[in-house]
Amino acid sequence: MKLTRRQLAASLAVAAAPAPANAQNEDLDAAARDRLKNNANALNAVNLPMAVEPAVVFRA
Amino acid sequence: MATVPEDVYFATIPELNARLKAKEFSAEDLARTFSERLQRLGPRYNALALSLHQEALRAAKEVDKDLKRERYRGPLQGIPYGVKDLLAFAGQPTTWGAAPYAAQVFQKNATVIEKLSATGAVLTGKLSMVELAGGGGYRFASASLTGPGLNPWDRTRWSGGSSSGSAAAVAAGLVPFAIGSETSGSIVTPASYCGVTALRPSYGLVSRQGAMALSWTLDKLGPFARSAEDCGLILQAIAGKDSGDPGSAGKSFYYTPQYSRPVKELKIAYAPVDFIEAAEPGVRAAFAEAMGVLKSLGAQLTEAKLPDFPYGAVLSTILSGEMGSIFEPLIASGKVDQLADKPQIAGLKASLELPAKDYLKAMRIRRLIQGEVSKLFAEYDVLLAPGRANIATKVDQRIDQAPPGMPAPPSNPGFRGIIQMGNLAGLPALVLPCGLAENMPVAIQLVGLPFSENMLLAIGREFQGKTDWHKRRPPV
């Protein structure tokens, strides 16, 4: 499609617009930690027999 | 200096190589043509991280000496290419797409670049990427030192990531092929969005030496190219044992699709819901046509389910653990705050808080996943899924949210976790353009067991023999 320079600049400006600083940083940090916790909860729901070892291979 | 005709821009590797041998133009002329095109048009898509014009011309002159002496090295001889800017090229910046590493210079080439150099392929530039391959969890396409990757089919849309420049450069005919990487979707997504054939190889088949590590046990390097055939030729050149890569599988790859079983003998598993209810309405017709082509080739398409695991949580936990360790110095120094994407910064910081027990639990579940995947492939030869269930998103669309018009996820998950499952189990995937929707590319992916690349490529070759979607070009 034919794109004017103005349209391209507008879409790039939206993508590049910085988020408000401190409050959002706190939210983002908390959200990132929450993601780790949510992942952990999902892992805890898996039936994991004691004998299952990690998927790693060591060889000299 | 001969004039190189414009039809080279979208020619395949064998086509270009034949024309070089026929002396229609020299390797130097071809390299100059592509390198100048990459310099001129790469910035239009934010695809170019660094031009290697002079280096390309020097390398091409050496190729011409070999060609003059009929010292032939194979189909990649004289073929220009680009690499994602996480691959080290000695003496020049390797930025990893990230401000903190903008001035980083390595003194040794990545193994993949060394191997391609040995074949006579000519490196013309470093291609843009999402900063640090996006492992921290980025929210916007602008998460890159070079700005958002813009799709050559529509520059208000994203080229996809994290191998943004690799996909866009091939799609726009700026390089005949490019090397990208995938940890979780970074080859499959941009290839699908840009309508480019691409291959995510089996884990360990291609050396990671000299490539930025995001996750040691998940990272793979693979080609973007004009066709499945081209991907096979490239993989043959870049695969192989490397003692410099602790994850190296120690296997070579020889592109021999002629020895693969024909498509009509293969059982291909798929989930209909992926192509209908879970897909954006506009792309469903393209998927239906692609299924029709596979059926006409004789493929036995069988409905199946993936083993039930929280693939996203498993992959994300493993990625967090490994990424946190790799980038601990960046995070501890505070330089992580120089990255462009704030959610990515937060994700990287949080990764240092991941308990070891969670990482180990994820790696144990990974073993279960690998076992169940093996059972799945005892029944089926190939898994078929959309590359993406939607066309490329708008450049300002949040990546962690569904784009407008996307249907709510159906209760039947289909093969929803196939990208994560495939990466956790080290499976190869071939992306094949299969149509257009709203004049944007649509693609399918074929996934196989480790080291089944020849089978996938053989299917791809047959599919592309019956379709021409891989030959469609954006309005450059």
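Student: Which residues touch the most other members of the largest nonpolar core?
Tutor: Keep in mind that this is a predicted model. The residues that touch the most other members are B:Leu87, B:Val122, B:Ala169, B:Val170, B:Ala178, B:Ala191 and B:Val314. The core has 169 residues.
Student: Which domains of chain B does this core draw on?
Tutor: It takes at least three residues from each of domain 1 (8-257) and domain 2 (262-311 + 359-471).
Student: Back to B:Leu87. What is it in contact with, leaving aside neighbours within four places in sequence?
Tutor: B:Leu87 contacts B:Ala110, B:Val112, B:Ile113, B:Ile179, B:Gly210 and B:Ala211. Two of those names come back in helix H4 of chain B, residues 111-119: B:Val112 and B:Ile113 are buried there.
Student: Which other residues of H4(B) are buried?
Tutor: B:Thr111, B:Lys115 and B:Leu116 are buried too.
Student: What covers them?
Tutor: The cover includes four strands of chain B: E2 (80-84), E3 (122-127), E6 (177-182) and E8 (220-225). Helix H7 of chain B is also part of it.
Student: And what follows H4(B)?
Tutor: B:Gly120 does, and its phi is positive, near 90 degrees.
Student: OK, domains. How far apart are the centres of the two in chain B?
Tutor: Taken over C-alpha atoms, the centres are 24 Å apart.
Student: New topic: how many residues of chain A are in contact with chain B?
Tutor: There are 29 from chain A, in contact with 36 of chain B.
Student: Which helices of chain A supply at least two residues to that side?
Tutor: H1 (5-16) and H2 (22-44) each do. H2(A) provides the largest share, twelve residues.
Student: How do the chain A residues there divide by class?
Tutor: On the side of chain A that touches chain B, 21 are nonpolar, five polar and three charged.

Terms used: Residues are numbered from 1 along each chain as its sequence is written. Chains are lettered from A and ligands numbered from 1 in the order in which they are written. This is a predicted model: local features need pLDDT of at least 70, side-chain atom pairs count only at pLDDT 80 or more; totals for chains, interfaces and linings use all residues. A nonpolar core is a set of buried Ala, Val, Leu, Ile, Met, Phe, Trp, Tyr and Cys residues joined through C-beta atoms within 7 Å. A residue is buried if 20 or more other C-beta atoms lie within 10 Å of its own, exposed if 12 or fewer, and partly exposed in between; C-beta atoms are placed from the backbone. Domain bounds come from an automatic or database domain assignment. Two residues are in contact if their C-beta atoms, placed from the backbone, lie within 7 Å. Ala, Val, Leu, Ile, Met, Phe, Trp, Tyr, Cys and Pro count as nonpolar, Asp, Glu, Lys and Arg as charged, and the others, Gly among them, as polar.
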